[in-house]
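Trainee: I've got a new model open and I'd like to check the labels against their cut-offs. Can we go through them one by one?

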Amino acid sequence: MWKEVKRYGVPTQIVDIIKESYRGYVYRVVHEGWVSEPIPVRTGVRQGRILSPIMFWIVIDVVMRNVTRDRRRSIRWGLVDRLEDLDFADDLCLLSEAHGEMQTKLDDLIKEAGKVGLAINVKKTKSLRVNTSKTEPFMLGGESIEDVDSFV
C-alpha cells in the first residue's frame, strides 16, 4: 500500500509518519464485560481516521487502473469514447461488452486487489447482464457469481 501512496506524490516523510502511526496497532474485543487479548492489525486502514478513506481511494485507484488498462474490454458510451467501470466508495461496477472480456477483467481484479491486500467478497458480488443470455456464469476466485435482474 505504501508504494501506491508514494506514487501519488505524497512525500516519503509523510508516508513514514503515517506508517509509524500503524506500527503496533491492535484491536480488542469487548463482549459481556470481558476484554480480549490484543489482536494485531496487519492489513487495512484504521477505522475512524481522517486519512483512512484517502488512503483507501489511492489504493483502489491503483488497483482499478491496472484492471482497466486494456480499453478494448470496456463499453461504448455516448458521452465519452469508452467506459470501463463505475466506482462509489468501496463498490465497483465493471463494464464490458463480451463475456470473455468481463471474465478476464474479474480475474485481473482478484489478482490486482490481492497484490495490495484487498479481498473481493464473492457473496456480495453480482452479475447484471443487459441484452444478452445468461448461459455461462462468471467466476471469481473459483466461485460462480450470482446473476441478478436488478440491484440498487
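Trainee: Why is Glu-143 called partly exposed?

Mentor: Its relative accessible area is 37%. Buried means under 20%, exposed means over 50%, and partly exposed is in between, with a 1.4 Å probe and protein chains only. So 37% falls in the middle class. Keep in mind that this is a predicted model: local features need pLDDT of at least 70, side-chain atom pairs count only at pLDDT 80 or more, and totals for chains, interfaces and linings use all residues. Residues are numbered from 1 along each chain as its sequence is written, and side-chain values use heavy atoms, with hydrogens and water left out.

Trainee: What makes Lys-123 and Glu-143 a salt bridge?

Mentor: A salt bridge needs a side-chain nitrogen of Lys or Arg within 4 Å of a carboxyl oxygen of Asp or Glu. Here the closest N and O atoms are 3.2 Å apart, so the pair qualifies. The bridge links distant parts of the chain, 20 residues apart: Lys-123 is in the loop between H4 and strand S9 (126-128), and Glu-143 is in strand S11 (residues 143-144). Helices (H or I, at least four residues) and strands (E, at least two) are DSSP runs, numbered from the N terminus. As for Lys-123, its 62% makes it exposed.

Trainee: How many salt bridges does the structure hold?

Mentor: Five. One of them joins Lys-126 and Glu-146 at 2.7 Å, N to O. That pair also links distant parts of the chain, with Lys-126 in strand S9 and Glu-146 in strand S12 (residues 146-148), 20 residues apart. Lys-126, at 34% relative accessibility, is partly exposed, and so is Glu-146, at 44%.

Trainee: How do you know that Lys-115 and Glu-112 form a salt bridge?

Mentor: Their closest N and O atoms are 3.2 Å apart. Both lie in helix H4 (residues 99-115), three residues apart, about one turn of the helix. An α-helix has 3.6 residues a turn, so residues three or four places apart point the same way.

Trainee: What makes the contact between Ser-96 and Glu-101 polar?

Mentor: The two side chains come to 3.3 Å. A polar contact is a pair of N or O atoms within 3.5 Å; within protein, one must be able to donate a hydrogen and the other to accept it, and residues adjacent in sequence count only if both atoms are side-chain atoms. Ser-96 lies in the loop between strand S8 (91-94) and H4. A polar atom of its side chain also lies 3.5 Å from the backbone oxygen of Ala-98.

Trainee: Why is Phe-138 called buried?

Mentor: Because its relative accessible area is 9%. Phe-138 sits in the loop between S9 and strand S10 (139-140). Leaving aside neighbours within four places in sequence, Phe-138 has contacts that include His-99, Met-102, Leu-106 and Glu-143, where contact means heavy atoms within 4.5 Å.

Trainee: Which residues of helix H2 (residues 12-22) are buried?

Mentor: Val-15, Ile-18 and Tyr-22. They cover an arc of only 65° around the axis, which puts them on the same side of H2; the arc is that of the directions from the helix axis to the C-beta atoms. Those buried residues pack against helix H1 (2-7) and helix H3 (51-67). On the other side of H2, Gln-13 and Ile-17 are exposed.
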